[in-house]
Amino acid sequence: MSSLFDPLLVVILLLNLFVLGASRLRAVIGASALQGVCLGILTITAHAEITLEVIAVAVVAVAVKAVVIPRLLYKAMRDVAIVRDVEPLIGLIPSLVIGALGTTFSVIFSQTLPLVAAQQGSLILPSSFATVLTGCVVLTTRRKAITQVVGYLILENGIFIMGLALLDAMPFLVEVGVLLDLFVAIFVMAIIINHVSREFASTDAAELTALKE
Amino acid sequence: MIGCLIAVAVLLASAALALLAGRHGRAPTVIAAVGTAIAAGVALPGAIDALTGAAPVELVVTWAPPIDQLRFGLDPLSAFFVIPLAVLGVICGIYGAFYLDDQRARRWLAAPACFYNVLVAAMLLVLLARDAIGLLVGWEVMTFASYFLVVFDHAQLEVRQAGWVYLVASHLGLACMLCSFLLLGGHGLGFGDMRSHPPGGATAVVAGVLGLVGFGVKAGIVPVHVWLPEAHAAAPSHVSALMSGIMIKLGLYGILRTITFVGPALPWGPVLLGLGVTGALVGIALALYQRDLKRALAYSSVENIGIILIGLGVGLWGAENDHPAVAALGMCGGLFHIWSHVIMKGLMFLGAGSLLHGAGTRDLEQLGGLARRMPRTSALLVLGGVAIAALPPLAGFAGEWLIYLGLAHGGTEAAPGSGLLLLFAVAAMATVGVMAVLCFVRLIGIGLLGQPRSGAAARAHESGGGLLGPIAVLAAAVIAMPFVWPLLLGALEPVIEQVTLARPDTAIVRQTLAPIAILGGVLWVGVGIAMVAIRRLVRRRRAAETWGCGYLAPTARMQYSGASFAEGIHRLLPRLLRARITARPSADLFPSPGQLSADRQDPFTRAAYEPLLDRGARRFGQLRWVQQGLLHVYILYIVLAVVVVVAIVSLRDYWVLP
Amino acid sequence: MTLADLAQVIAKVVVILVVPPFLLGVIARTKARMAGRVGPPLLQPYHDLRKLFAKDSVLSSTTTWVFLAGPAVALVGALVAAALVPVGDGRALWAFDGDFIALAYVLGLSRFFTMAAALDTGSSFEGMGAAREATFACLAEPAFILGLLAIARATGTLSLSSFLGPALAHQWSVAGASLVLVAAGLLLVLLAENSRIPVDDPGTHLELTMIHEVMVLDHGGPLLGVILYGAATKLFVFAALLVRIVIPLDHPAWLVWAAFLAGLVAVAIAIGVIESTMARLRLPHVPALLLSGCLFCALAIVLLVR
Amino acid sequence: MLLALVVMPIVLGALALVVPWARVRAWLVPAGAVVHAALTAVVVISPPSPMFDRWMTLGALGRVIVAILSAQYLVCSFYVPGYLAARPERPNRVFCACLIALGGTMSLVAVSHHLGLMWVGIETSTLVTAPLIYFHRTPRSLEATWKYLLIGSVGIAFALYGSFFLASAALHNGLSTSLLFEDMVHDAARMSKPWLHAAFVILLVGYGTKIGLAPMHTWKPDVYGEAPGIVGALLAGGLTTCAFCALLRFVQIMNAAGDGELARSLLLAFGLLSIAVAAAFMIRQRDVKRMLAYSSVEHMGIVAFGLGIGGLGTYGALLHILSNSFGKGVLFLAAGNLHRTYGSKLAAEVSGAIHRVPASACLLLAGFFAITGSPPFSLFLSELTIVQAAFRAGRYAVAGLFLALLATVFIGMGAVVVRVVQGPARAGTKPEHEPLLTIAPALGCLAIVLVLGIYLPPWLDSALHTAARFVEMQS
């Protein structure tokens, strides 16, 4: 639990709000990537003694979240040649407001849960909840398939923060397995996006409404 | 008991065989018929023993969980229904083998043959079951088998709809039965447990009502009878005969069973009496103006169920208010009428089938003039008509007679309040009786007599012995029964004792029946002599056209039609029960073609059930907006589910936990 | 069974077989007198019957055995019914509990076959008649049963011979009003069942207005004779019931017999008077009339059940 | 041994990727299924010792689940060669590979006794099924796949989040956090309540998304409607079973923690909601396969309801899982045949099937009766047990509501099925040849449901009871 810990979490919270407020697609993806980097550093700083295991998790996390997936998404954008705007279903201001409300709610909720001494007063839980909520907001309010992927990525980030809290509890294998699954999921999604763009000539997920009652 | 179980096995085996026999000519139908015959032969002795004083047996088979135990048994109450089932089963089975024969080229007859035997087996199972599970299983199998038989001609839309209505009604009924049994079966679902631990108070009442509704659907009690006319009209005639003859009676069996479980928690007498009067009046009123021969017969079944319920009701009333004579008369009357209705309705439906077979239509306005072209069928149908109009000297009268006297005794002896009701019940039965006369005169007079009303009727041909034989057997029974009733009284005592928990004194019943037997004899002899005399009187005769009252060229189309015959009484019916008639008379000076159409759909379906179901479906349809294919919204649902439920639970913890 | 009883039985049988046509004669004579004519002799109906039985018959080529069964069953039914009503000394030839219900059903049987025979001819007029007969029967029957039930309830017995006797005489003193209602109701039933004015007009020859007559339009010669005789017997049955209700004497025998026969004639005359003083109702109004008959009897029951 | 259960199919799947001949690939599926079934038989009869310090253990629950999975997979797998033979134009390389691998990933869920490992199993089976849904390569199927993937992943994500909550629930009283179910069940009583409750809710929603409980069911109609019949059968019969296996683990933990009441009331609520939603959407449903999807939602609701009743209800729920997986097999395979024959799955366009494809039509009809809990099929027993449990528990109101909803479902579903099966044949329709391989599997499923309905083997019953007691913590 180093002094670097909470500031990084604050950065992540800020990035959440930035993602909600940003109107450019690249910026959103970049923000998510930056969150990935922060998580990598957090992974290391979260622990008193730095073991190989910790290093490995951090490296894999950064590699997946900050390098591979953003590249995939950029590539998808290029292939698909989509409009570079985020095109939210609700305005940016409302989504910002929702994000802020979500953050407050997270802080309140985290108060209702008993904490171990190590985490007393730390931002881990609030920021985790807030990030998850941000991910959900992005998932539910952004038109494009790619933005939804980003939203999902942010959701996973939030979960990962929670995972940090119990890295000691979480054996290495699971961590990596988690990351791997995340990676594969996003990868498959990217492929699908390409198909989608080919079939529908746009990745506007809001247009995928042929199947309904 | 064992015999009955063997019979079930035989029936199922023959059903399977019939299915295997597949397309080999007549093999399936013949196998099925033989199966029913053997089964009847095996089942009857045991049943007769059970009615004539053999101690009720119960067989417990340990079975796989979660059922654990299968209980079978044969007590008088079951045996009373097993006997007509076996008899009618084999008669209709043989009839069916010939009835479907002309379809052999076009249709795959293995299925109906198989389902027929499965149906009989299932009904037998229902009667043998001694726990709720067995009864429910048999019941549902019975429903499905009969459903598949009903939709035999599913190429026609109305047949499909009829089958569908039947299926839905039965399923809802089954749900009610299930609830009833589960309420009663707090100490286990065996009949023994239910009888020994009758629930108290409200539970018992609810269970009783649910049982009444559930079984009442199958029995065709108004107002849950709506499936009955549709299904009976749609089904092949031998199936209609079996369904109307015995299947709907199993509904009564169920009600009687329920009574033995629930006991006096419910005032069964008045309840059944009220339902019976309503059912009888509504049933016959609707039967009056039907255009479809088999629909009319089906509604007459509703009426007869009503009369049976009146009998059972007054019997139970007598038992509850210790009028032993009334109890004995009412119960005996009701039970007798069950048996005689089995025979009469079998006769009528099989006869209608023979008519359909010969003339190719059930439409009353297309029949006529068949008494000359199908003399034997017509004679049998006239006999059946007289019988089912409950006129002496045939089978239908005795049962109603006992019920009448039960009511009359009760009405003259009881306290003012109930006495008045019973007396008015007598009047109601009298009205029903005379309306029944009208109804069946109409069916016979318009359907069989006069000039042929269509080419089909003019070309009609008499059916062969295969069809007429079974009908003749039933006709013989219809003639013989009034004279054998007194001998059968002993068989009813254990049944009544089982339901009313008191041995009835059948002495009064016997002495009430005696004059009827004599009356029957007198009438037969008198009519016989009169017919001979008349034939002698008209020896010097010449033939001529029917006098057209001066009109020289009367045609068949000028005859009084079925609709016009019923028109007068139709006017007198309450509006709810009338057909919906839309008329466009020719208005202008030089008459233009006019139009008149009557919608004879069941008034309860039209007024209550259809609107209800439609509204429900529309309500549900309005929910579709929640699923419009928007992925974002779908994810929102998940998120909301998490947030809301977490909020609820954590708030709960906040209050509950220290 | 003593000789006296045997004599009684024979007397009753004779009365049942012989008297009915005479009532028709009385009615005809009454009507004639009311119209200021001399009218036919009282025994004219017997002559008509003899004449009819001597005739050849013409049968429609459409008809079947049902056509013959009609008259036969009608007659048998009427005769059996007659055996069930108390005749002469107030005892029926054959009495048992509920015999009044049996009586209704026996008449129902003959109605069944009369209507069937009518439909057998395939003529629209006869069909019409059958339909009307059936429709009105639906209203007359409950009135009949209710009326007799009222008396049964009052006297607490269930057989005509027993409740049209001294017990009833007592009831006249205590519940006369309701018994008047019953008598009125049954009189209406009598008029309807025997197709008399104001329900039906046996005299008319306009087919569209008739009920019973038009039903038997195609029956001629002996068949018509049988039908007339049956109809007369039916009239006798109802008349006898009415008489016993109004005059429930039971001794001495000769007085009862005299009262009975006189009563029959009185009823016949009453019918004649009604027929010549009233007009026939329009068909749509008939149900109302019969319904009021039902209501009379129902009211009587309500009054009696206390 | 347990590892083989998981690894064998995955290896075989990889092999399928490289096999060049389409027909052989098709036949690899049943082959793999047979081997898998054999292995399953061995491990079920003689439970092997745990592996990877107890990460893989075959408990009382796992035994039942893996047996159901393997059996249903075996029966349905024989449909694949016939199906692919009827669709020669489609490349089936990925299809077969994923189909085979699915068997492995599903078994992983059943045999893993470790929170994370089980999660990995669910996640991988989600990913593996995506290409199966996309088999038709039509825009509609693509849309379905996209929705499946995204909704599924969100659900999975929540499941993971819930797992972390559970871990912290354990952590917060300084308990061991090996994340092994045994340990958690053992420590459950001393876990931190707020964390535990939050964890259960999130896990319920997360895995509930895979199960398809309302309101997380939205992907089901789209996916089952667009995927091939066989995939629908495996998803509705197999994957949902896995997800329920996962959920049952947490129900067990809740029971162990003495919070069974909370868990049950939540399950009851979600169950009734699911049945109600399914009923609402089945009424006047135009699309046969979507209707089957809603029927699946309904039956998941029934199982949840049974668990919510608890006691005898839990046994009923397990029995219902078993019956449902085979009943769904019948329906989806038969509906697939009809869909292929008519080129449409709209009830308006498919009618008189009994004349054109008699066998499939009869199977659909029989399957309908089976799935609506009509005797003598085994779903009748399970539903009866559940209702009986509800009545025994004196919860008449919910039981009545439950029965009323089931009746509604019967009406809604029956109207469609009857319209499809019966009716006049179009002019000149001859009965078409139906290859044995497309009929036999459905028939097999039906036979199993029927036999279980008439005679439930005592050993099976006792296995179910053991599992139920295991979940209820009464052993």
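Helices here are DSSP runs of H or I with at least four residues, strands are runs of E with at least two, and both are numbered from the N terminus. Keep in mind that this is a predicted model.

## A loop in chain D

With that in hand, find D:Arg54, which sits in the loop between α2 (22-45) and α3 (60-77) of chain D. Its phi is positive, about 70°, although D:Arg54 is not a glycine. As a rule, most residues other than glycine have a negative phi.

D:Met473 is not a glycine either, and its phi is a positive value near 60°. You'll find D:Met473 in the segment after α20 (458-472) of chain D. With 17 C-beta neighbours inside 10 Å, D:Met473 is also counted as partly exposed.

Now back to α2(D) and α3(D), the helices on either side of D:Arg54. Two packed helices are described by the angle between their axes and the distance between the axes. For α2(D) and α3(D), the axes come within 9 Å and cross at roughly 155°. That angle makes the two helices, α2(D) and α3(D), roughly antiparallel, because angles over 145 degrees are counted that way. The crossing of α2(D) and α3(D) is left-handed.

Which residues in α2(D) and α3(D) meet? From α2(D) come D:Val29, D:Pro30, D:Ala33, D:Val34, D:His36, D:Ala37, D:Thr40 and D:Val44. On the α3(D) side they meet D:Arg63, D:Val66, D:Ala67, D:Ser70, D:Ala71, D:Tyr73, D:Leu74 and D:Ser77. Sorted by class, the residues of this contact between α2(D) and α3(D) are 11 nonpolar, 4 polar and 1 charged.

## How the chains meet

Zooming out, 4 pairs of chains are in contact, and chains B and C share the most contacts among them. How many residues does each chain bring to that contact? Chain C puts in 69 residues and chain B puts in 64. On the chain C side, β1 (57-60), α3 (65-84), α4 (99-120), α5 (124-155), α10 (221-246) and α12 (286-304) each supply at least two residues. Of these, α5(C) gives the most, with 18 residues. The side of chain C that touches chain B has 45 nonpolar, 14 polar and 10 charged residues.

Chain B also meets chain A: 12 residues of chain B are in contact with 15 residues of chain A. The chain B side of that contact holds 6 nonpolar residues, 5 polar ones and 1 charged one. Some chains don't touch, though. The nearest C-alpha atoms of chain A and chain C are 55 Å apart, and for chain C and chain D the figure is 39 Å.

## Strands, within and between chains

One strand pairing reaches across from chain B to chain C. Strand β3 (residues 541-544) of chain B runs parallel to β1(C), and 4 bridges link the two.

Another pairing stays inside chain B. B:Thr582 stands opposite B:Ser597 in β5(B). How many of the 5 residues of β4(B) are buried? The count is 0, and the strand β4(B) is hardly covered.

## Two cis bonds in chain B

Most peptide bonds are trans. Chain B has a cis bond from B:Val222 to B:Pro223, with omega near 5°. B:Pro223 lies in the loop between α8 (201-219) and α9 (227-234) of chain B.

The peptide bond from B:Pro392 to B:Pro393 is cis as well, again with omega near 5°. Look for B:Pro393 in the loop between α15 (375-388) and α16 (395-413) of chain B.

## A buried alanine

Last stop: A:Ala185, in helix α7 (residues 172-200) of chain A. A:Ala185 counts as buried because 25 other C-beta atoms lie within 10 Å, where 20 or more is enough. Leaving aside residues up to four places away in sequence, A:Ala185 touches D:Leu127 and D:Ser153.

Note on methods: Residues are numbered from 1 along each chain as its sequence is written. Chains are lettered from A and ligands numbered from 1 in the order in which they are written. This is a predicted model: local features need pLDDT of at least 70, side-chain atom pairs count only at pLDDT 80 or more; totals for chains, interfaces and linings use all residues. Two residues are in contact if their C-beta atoms, placed from the backbone, lie within 7 Å. Ala, Val, Leu, Ile, Met, Phe, Trp, Tyr, Cys and Pro count as nonpolar, Asp, Glu, Lys and Arg as charged, and the others, Gly among them, as polar. Two strands pair if DSSP finds at least two bridges between them. A residue is buried if 20 or more other C-beta atoms lie within 10 Å of its own, exposed if 12 or fewer, and partly exposed in between; C-beta atoms are placed from the backbone. Axes are lines fitted to C-alpha atoms, for helices over the stretch in contact, and angles run from 0 to 180 degrees between N-to-C directions. Angles under 35 degrees count as roughly parallel, over 145 as roughly antiparallel, 65 to 115 as roughly perpendicular and the rest as oblique. A crossing is left-handed if the near helix is turned anticlockwise from the far one by less than a right angle, and right-handed if clockwise.
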